[in-house]
Amino acid sequence: PATTRAQPFDSCRTAPDGTCWGIREAVGNTTLVTRTHLDGRTEVFEASDIGFTRFGWGAAGVGDPRIMADGMVWVSGDSTREPFASFDGEAWTLVPRPGSDGMQRGDWGLDATGDLWATYERHSDAGPTRTLLGRWDGEAWSMFGPVETLGTWFEIEPDGDVWVGHLTKFDGKALRQVELPASADNGTPALRSLARREDGSIWAV
């Protein structure tokens with residue numbers, strides 16, 4: 001990467017070694033990933049050099065970095081059809097996106113073991129949009145689903161449980177949906193709000 005004097009950027013994520021990782025735009029609509037050291041030096045990585053491309057108009061883009069406790073840095077392209085990339089302190093490694101072009105990425109995150117998780121929507125003219133949950137273990141993707149969920153948002157809890165779309169839980173082998181109670185008129189209830197407590201119980205309105 002190029003090395004320059006520190007320049008301002010929109011946000012900063014601090015790594016265990018004290019370096020600060022940020023995303024900023026450069027001249028020509030190019031997205032830069034920056035790594036600022038404690039002595040003021042800044043390494044600059046262009047999104048296109050990492051391996052990201054742009055679908056359609058414009059230059060390659062990158063979303064906010066996410067940093068693991070061991071210092072591994074992860075970023076994703078800002079298009080839902082882009083791959084992921086990790087930086088081990090020396091070089092970037094691209095992680096291919098799973099599946100076909102018919103899937104679009106939703107949310108993503110990392111668990112305590114370093115595995116990468118991401119939700120994907122599969123669109124079909126023949127039926128409703130369905131959600132899949134993917135896990136990258138460092139060598140290959142494992143896909144679970146598809147199921148109908150309330151969106152592609154997901155959360156990894158401290159105990160390792162993974163929830164997708166609020167009411168779908170990954171039990172270690174498959175996605176299981178939590179059934180809502182029937183309404184008074186035996187119709188399908190409309191979910192307005194939901195919360196999960198530390199004891200595992202779910203409260204819904």
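Trainee: Which residue in β12 is the bridge partner of R122?

Mentor: The model is a predicted one. In it, R122 has R130 of β12 as its bridge partner.

Trainee: What makes β12 and β13 a pair?

Mentor: The criterion is again at least two bridges. β12 and β13 have 5 bridges, in the antiparallel sense. Within this pairing, the bridge partner of L133 is F144 in β13. The hairpin of β12 and β13 has 4 residues between the strands, and G138 takes a positive phi near 105° there.

Trainee: How many aromatic pairs does a search of the whole structure find?

Mentor: The search gives 12 aromatic pairs. One of them is formed by Y120 and W141.

Trainee: Why is the pair of Y120 and W141 called edge-to-face?

Mentor: Two values decide the matter. The ring centres must lie within 6.5 Å, and planes over 60 degrees apart count as edge-to-face. For Y120 and W141 the centres are 6.4 Å apart and the planes stand at 90°, so the pair qualifies and is edge-to-face.

Trainee: Which parts of the chain does this pair tie together?

Mentor: Y120 belongs to strand β11 (residues 116-122) and W141 to strand β13 (residues 141-147), so the pair links parts that are 21 residues apart in sequence. Y120 and W141 are both buried. They also belong to one aromatic cluster, formed by F84, W108, Y120, W136 and W141.

Trainee: How do you know that the charged end of R66 lies within the distance limit for sitting over the ring of W108?

Mentor: The distance limit is within 6 Å of the ring centre. The charged end of R66 is 3.9 Å from the centre of the W108 ring, and it sits over that ring.

Trainee: What makes the approach of S76 and W108 a polar contact in terms of distance?

Mentor: The limit is within 3.5 Å. The side chains of S76 and W108 are joined by a polar contact of 3.4 Å.

Trainee: Why does S76 count as buried?

Mentor: Buried means under 20% relative accessible area. S76 has 4% relative accessibility, so it counts as buried. S76 lies in strand β7.

Trainee: In which order do the strands of the open sheet containing β7 stand?

Mentor: The order is β6-β7-β8-β9, with antiparallel pairing of the 4 strands. The edge strands, β6 (66-67) and β9 (92-95), each pair on one side only. Between β8 and β9 there are 4 bridges in the antiparallel sense, and A85 stands opposite L94 in β9.

Trainee: What makes β14 and β17 edge strands?

Mentor: They belong to an open sheet of 4 strands in the order β14-β15-β16-β17, paired antiparallel. β14 (154-156) and β17 (175-177) each have a single partner strand, so one side of each is left without a neighbour in the sheet. From one strand to the next the twist averages 25°.

Trainee: How do you know that β15 and β16 pair?

Mentor: At least two bridges are required, and strand β15 (residues 162-164) and strand β16 (residues 168-170) have 3, in the antiparallel sense. There V162 has F170 in β16 as its bridge partner.

Trainee: Is F170 buried or exposed?

Mentor: Its relative accessible area is 6%, and the limit for buried is under 20%, so F170 is buried. F170 and F144 are 26 residues apart in sequence, with 8.5 Å from C-alpha to C-alpha.

Trainee: Which residues touch the most other members of the largest nonpolar core?

Mentor: That core has 14 residues, and W21, V33, F45, I50, F52, V62 and W92 touch the most other members. A second, separate core of 13 residues includes V95, L110, Y120 and W141.

Conventions
Residues are numbered from 1 along each chain as its sequence is written. This is a predicted model: local features need pLDDT of at least 70, side-chain atom pairs count only at pLDDT 80 or more; totals for chains, interfaces and linings use all residues. Side-chain values use heavy atoms; hydrogens and water are left out. Rings of Phe, Tyr and Trp (its six-membered ring) pair if their centres lie within 6.5 Å; planes under 30 degrees apart count as stacked, over 60 as edge-to-face and the rest as tilted. Helices (H or I, at least four residues) and strands (E, at least two) are DSSP runs, numbered from the N terminus. Buried means under 20% relative accessible area, exposed over 50%, partly exposed in between (1.4 Å probe, protein chains only). A charge sits over a ring if NZ of Lys or CZ of Arg is within 6 Å of the ring centre and within 35 degrees of the ring normal. Axes are lines fitted to C-alpha atoms, for helices over the stretch in contact, and angles run from 0 to 180 degrees between N-to-C directions. A nonpolar core is a set of buried Ala, Val, Leu, Ile, Met, Phe, Trp, Tyr and Cys residues joined through side-chain atoms within 4.5 Å. A polar contact is a pair of N or O atoms within 3.5 Å; within protein, one must be able to donate a hydrogen and the other to accept it, and residues adjacent in sequence count only if both atoms are side-chain atoms.
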